[in-house]
Amino acid sequence: MIEVLFFIEVVVGGLLAGTMYSLVALGFVLIYKASSTFNFAQGAMVFFAVLAFVGLMELGLSFPLGFIATVFLMFVVGFCTERLVLQPLMNQSEDTLLMATIGLGFVLEGLAQAAWGVEVRRLDLGIGDFPIPWIVDNLGLFISALDLTAGFVAMTMIVGLALLFKYTKMGLGLRAVADDPGAASSIGIPLKNIMLMVWTAAGVVALIAGMMWGARAGVQFALVDLALKALPVLIIGGFSSIPGAIVGGLLIGATEKVLEVYIGPFFGGAIEGWAPYVLAIFFLLYRPEGLFGEKIIRRV
């Protein structure tokens with residue numbers, strides 16, 4: 001019985017971590033659906049957003065005002081990205097846009113550290129990183145309050161954005177742009193506004209993801225590497241699928257935790273650092289479009 005409870009605890013912990021991976025991957029999906037470009041700057045956006053949030057609070061802003069100010073700042077980042085980077089490159093190849101996002105990532109990293117410094121900062125959200133007594137007493141599971149809150153926030157935001165893009169006019173416009181930008185533009189859908197909204201939404205997602213991860217590990221440059229952690233999630237779920245980001249994140253989170261606990265000791269530990277990429281390679285070999293991605297048929 002103890003072994004069963006421990007296994008459930010490991011799986012639940014992995015699923016909660018997986019929701020955080022899904023939240024990071026969602027930022028990639030939003031940009032990819034709108035422009036068919038992989039946004040290599042997403043990890044830098046996470047770092048930039050949460051470091052700005054902490055920096056603004058250090059200047060004396062309250063938590064709500066700091067959050068609102070950071071959301072506005074990410075809107076400005078999205079506006080500048082769309083007007084100064086994407087719009088001039090609108091007719092260029094996808095490879096050119098990809099390189100532009102890499103350059104944007106370095107710019108955001110440099111601006112963040114130039115403005116707020118490079119030292120690790122502590123972010124206190126008022127949520128303790130300790131097991132919830134009620135769950136321990138009634139279920140016998142040691143689930144961290146911070147993990148549970150982060151998982152709830154991530155899943156709420158993911159589901160909210162999924163509903164927003166599925167049932168609203170903005171979501172309809174996004175799907176039209178994703179299917180055929182030229183046709184969408186010809187029927188009056190403003191591409192500039194759609195791209196601006198998408199980049200702003202990706203910026204807000206980056207802020208929330210950075211806050212959740214920063215509360216656990218501190219606000220530091222290592223948050224940029226979250227982009228690399230989201231790659232297996234995107235490969236497994238599909239680059240253009242919001243449900244795929246959810247399922248891929250949960251699958252990666254649960255798999256890496258189980259393997260780390262039960263198989264990791266035979267490999268000297270740290271298996272969760274590379275196991276997701278092994279799983280991603282498996283999908284690339286046998287289902288390269290991912291679980292929810294559209295299968296591409298190439299004619300010879």
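Reader: At what angle do α2 and helix α9 pack, and how far apart are their axes?
Author: In this predicted model, α2 and helix α9 (residues 191-217) pack at an angle of about 65°, and their axes lie 8 Å apart.

Reader: How are α2 and α9 oriented to each other, then?
Author: They are roughly perpendicular to each other, because angles of 65 to 115 degrees count as roughly perpendicular. As for handedness, α2 passes α9 in a right-handed crossing.

Reader: Which residues of α2 and α9 make the contact?
Author: From α2 the contact takes Gln42, Met45, Val46, Ala49, Val50 and Phe53, while α9 supplies Trp199, Ala202, Gly203, Ala206, Leu207, Ala209, Gly210 and Met211. Divided by class, the residues of this contact are eleven nonpolar, three polar and no charged.

Reader: Switching topic, where is the place of Asn39?
Author: Asn39 sits in the loop between α1 (2-35) and α2 (42-58).

Reader: Is Asn39 buried or exposed?
Author: Asn39 is buried, since its relative accessible area is 0% and the cut-off for buried is under 20%.

Reader: What does the side chain of Asn39 make a polar contact with?
Author: Its partner is the side chain of Gln42, at 3.2 Å, and Gln42 is also one of the α2 residues that take part in the contact with α9.

Reader: And which residues is Asn39 in contact with, leaving aside neighbours within four places in sequence?
Author: With those neighbours set aside, Asn39 is in contact with Phe28, Ile31, Met45, Thr101 and Trp199. Among them, Met45 and Trp199 also belong to the contact between α2 and α9.

Reader: Now to α10 and α11: what is their packing angle?
Author: Helix α10 (residues 226-237) and helix α11 (residues 242-262) pack at about 120°, with a separation of 8 Å between their axes. That makes α10 oblique to α11, and the crossing in which α10 passes α11 is right-handed.

Reader: Which residues meet there, and how do they divide by class?
Author: Lys229, Pro232, Val233, Ile236 and Gly237 of α10 meet Gly244, Ala245, Gly248, Gly249, Leu251, Ile252 and Glu256 of α11. By class, the contact of α10 with α11 has six nonpolar, four polar and two charged residues.

Reader: What about Leu228 in α10, how accessible is that one?
Author: Leu228, whose place is in helix α10, counts as partly exposed because its relative accessibility is 45%.

Reader: How far are the C-alpha atoms of Leu228 and Val261 separated?
Author: Those two C-alpha atoms are separated by 22 Å, and Leu228 and Val261 are 33 residues apart along the chain.

How values were computed. Residues are numbered from 1 along each chain as its sequence is written. This is a predicted model: local features need pLDDT of at least 70, side-chain atom pairs count only at pLDDT 80 or more; totals for chains, interfaces and linings use all residues. Side-chain values use heavy atoms; hydrogens and water are left out. Helices (H or I, at least four residues) and strands (E, at least two) are DSSP runs, numbered from the N terminus. Buried means under 20% relative accessible area, exposed over 50%, partly exposed in between (1.4 Å probe, protein chains only). A polar contact is a pair of N or O atoms within 3.5 Å; within protein, one must be able to donate a hydrogen and the other to accept it, and residues adjacent in sequence count only if both atoms are side-chain atoms. Contact means heavy atoms within 4.5 Å. Axes are lines fitted to C-alpha atoms, for helices over the stretch in contact, and angles run from 0 to 180 degrees between N-to-C directions. Angles under 35 degrees count as roughly parallel, over 145 as roughly antiparallel, 65 to 115 as roughly perpendicular and the rest as oblique. A crossing is left-handed if the near helix is turned anticlockwise from the far one by less than a right angle, and right-handed if clockwise. Ala, Val, Leu, Ile, Met, Phe, Trp, Tyr, Cys and Pro count as nonpolar, Asp, Glu, Lys and Arg as charged, and the others, Gly among them, as polar.
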